[in-house]
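Dear colleague,

I am handing over the structure to you with this message, and below it you will find my notes on what turned up. Please read them with the sequence and the coordinates open beside you.

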Amino acid sequence: MPVVLPGEQVPAQHVNLKLGPGLQQVQTSSSSTSRTAPSIIVTRAGTLNHSANGSRWWIESNSRRYVPAPQESIIGVIVQKQGEGFRVDIGSAHSANLDGLAFEGATKRNKPNLKIGSLVYARVSLAHKDMEPELECFDAQTRKAEGFGELKGGFLVKCSLRMCRQLLDPNHFLLPLLGAQFPLEVAVGLNGRVWVNSKEAKHVIAVMRAIEAADPDGDSLDASGITKLLQDLDSKMSL
Amino acid sequence: MRPPSPSIPEKEFLFTALKQSLRLDGRHALEMRPIELSFGPELGWVECALGKTRVLAHVDAKMIKPPPERPFEGLITIHSEISPMASSEYEVGRSSEEEVTITRMLDKVVRRSDTVDKESLCILAGQRVWHLRLTIHCLADSGNLLDCACLAGLVALKHFRRPDVEVIGEEVTVHPPTSRAPLPLSLHHTPYCFTFAFFPDTSIPPVLDPNLLEQRLNGGLISIALNAQRELCVVQKSGGVPLVQEDVLKIVDIAVGKAKEVDDFVESRLKEDWEGRKVEVR
């Protein structure tokens with residue numbers, strides 16, 4: 001995994017090349033008639049990764065400011081109702097638009113009534129550099145919610161962008177470790193927000209402290225460190 | 001840009017947790033975050049951290065001609081600017097309500113409580129006095145910026161040492177630190193500021209040193225500045241929650257105990273730093 005800096009070229013070559021975050025394709029030759037292979041340029045500092053067959057390439061890095069990308073699931077806060085939809089704060093430079101009809105079972109007559117300050121789990125459907133991002137709370141093909149929608153109760157934990165990407169990794173230790181201790185519900189947004197719910201307030205607090213402690217921006221504890229932290233919390237407030 | 005107010009789930013959770021006397025960072029209601037003090041290479045350069053809230057304070061002194069109405073007194077000015085570096089809710093040029101509160105409280109706690117003996121800053125009456133400049137940089141705001149800023153400012157004043165001056169007739173000689181040891185400022189007392197947050201639901205007890213979410217959702221704040229000798233300097237209450245007289249007195253009592261703890265800690269850290277600065281000359 002080599003470390004790359006913005007502006008570097010990446011030797012990514014594949015017939016069916018897919019570029020992930022931090023990579024951009026630029027045409028090297030100015031004349032469009034000459035068919036030179038497009039070169040791939042790094043736009044973000046981080047480590048370069050690719051899949052086993054070399055068809056998918058991406059950069060792994062850490063930051064705090066979220067930049068929307070299509071098809072990413074995020075957690076937003078409703079800040080304003082406007083006409084047909086809502087304006088949602090997703091932690092990026094601009095707030096996003098969420099259409100009132102982009103929910104499961106929503107019709108012109110029957111639209112969800114979200115209050116200002118509610119949390120929604122949504123997917124970025126459009127992220128263009130010159131336009132405000134757009135969100136949807138359903139799968140556009142099946143029109144089913146697929147877990148998206150309003151998040152009721154619980155608590156919102158903020159973490160670094162790398163931490164929330166790690167939480168989505170099925171091999172990451174943290175969530176299974178916490179789940180073995182007490183039942184909990186988690187929704188991970190890729191914009192550095194994690195919604196946590198559990199029956200008891202102290203369990204939510206324990207999850208929050210564990211996520212903050214495991215964050216690479218914070219103490220970046222490993223599995224044994226987190227187990228110790230949980231034992232500590234257990235002695236303090238008897239989980 | 002002012003960030004949107006906390007979401008409904010965050011608000012509700014904070015209140016239910018506080019009702020079970022649980023704080024989000026695992027503290028007790030009347031527990032402060034641990035204080036961290038780090039001193040720079042220069043005297044009077046202090047970085048103070050309360051949890052993730054961080055403030056840098058710096059003192060420097062220069063000689064000026066005193067204003068004619070107070071020829072025997074030195075001057076102290078406080079420069080505090082809360083930049084967007086601390087939190088995205090602060091803007092350059094336009095001061096928010098919180099920023100004004102912090103600036104005024106700093107002025108009251110550090111300057112108007114008569115901490116520094118201004119007459120001792122006089123070098124030559126009507127001709128030369130010391131002008132102390134306390135600069136406060138807020139590096140990160142994670143709640144309770146005021147207490148952190150006051151503490152940083154005072155520790156910086158305690159840490160600072162001015163060059164020794166010799167006056168013979170009208171002649172003023174300033175001795176550089178290399179030839180004569182610089183002198184500490186003469187301070188009358190050291191007030192510390194403590195902020196308590198109250199919540200609209202009166203069944204929730206007040207909490208000391210509110211974190212960011214608690215500060216955003218409070219129903220009222222009371223800031224108390226006092227020194228370890230139980231002398232009250234400033235009491236400031238903001239927010240609409242009414243308080244019973246006994247509650248205020250109880251809070252003052254708690255603050256007295258905390259002031260002693262903080263004072264001991266600050267003194268021991270300053271002593272430690274001063275020991276580390278000694279250089280043996282042969």
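Predicted model: local features only at pLDDT ≥ 70, side-chain atom pairs only at ≥ 80, totals over all residues.

**What was found**

Turning to chain A as a whole, it has four helices and 16 strands, and its C-alpha trace spans about 70 × 55 × 30 Å along its principal axes. Of the 239 residues in chain A, 44% are buried. If you look at the contacts in chain A between residues at least 6 apart in sequence, 62% of them join residues that are at least 24 apart. The chain exposes about 13100 Å², and carbon and sulfur atoms supply 49% of that area. As for charge, chain A carries 26 positive and 24 negative side chains, and the centres of these two sets lie 4 Å apart.

Most residues other than glycine have a negative phi. A:R143, however, is not a glycine and has a positive phi, near 60°; its place is in the loop of chain A between β12 (134–136) and β13 (149–151). With a relative accessible area of 46%, A:R143 is partly exposed, because that value falls between the limits of 20% and 50%. In chain B, B:S21 likewise is not a glycine and has a positive phi, of about 45°, and B:S21 lies in the loop between α1 (8–19) and β1 (35–39). B:S21 counts as exposed, because its relative accessibility of 58% is over 50%.

Chain B also has an annotation from UniProt, again in an unreviewed entry: "domain: Exoribonuclease phosphorolytic" covers residues 31–163 and 190–256. Over residues 31–163 of chain B, the chain is 23% helix and 36% strand, with the end C-alpha atoms 39 Å apart. Over residues 190–256 of chain B, the figures are 25% helix and 36% strand, with the end C-alpha atoms 13 Å apart.

Within chain B, two further residues are worth a look. B:I76 is found in strand β4, which runs over residues 75–81, and B:I76 counts as buried because its relative accessibility, 5%, is under 20%. Leaving aside its neighbours within four places in sequence, B:I76 is in contact with B:R111, B:V116, B:K118 and B:L132. B:I76 and B:W130 are 54 residues apart in sequence, while their C-alpha atoms are 8.6 Å apart in space.

The other residue is B:K258, whose place is in helix α5 (residues 245–277) of chain B. Apart from its neighbours within four places in sequence, B:K258 is in contact with B:L30, B:E31, B:F194 and B:L208.

Note on methods:
Residues numbered from 1 in each chain as written. Chains lettered and ligands numbered in written order. Heavy atoms only, no water. Helix = DSSP H or I, 4+ residues; strand = E, 2+ residues; numbered from the N terminus. Contact = heavy atoms within 4.5 Å. Buried < 20%, exposed > 50% of the residue type's maximum accessible area, 1.4 Å probe, protein only. Areas by Shrake-Rupley, 256 points an atom, 1.4 Å probe, with all protein chains shown as cover. Lys, Arg positive; Asp, Glu negative; His and termini not counted. Charge placed at Lys NZ, Arg CZ, Asp CG, Glu CD. UniProt positions renumbered as here; feature names shortened; annotations may be inferred.
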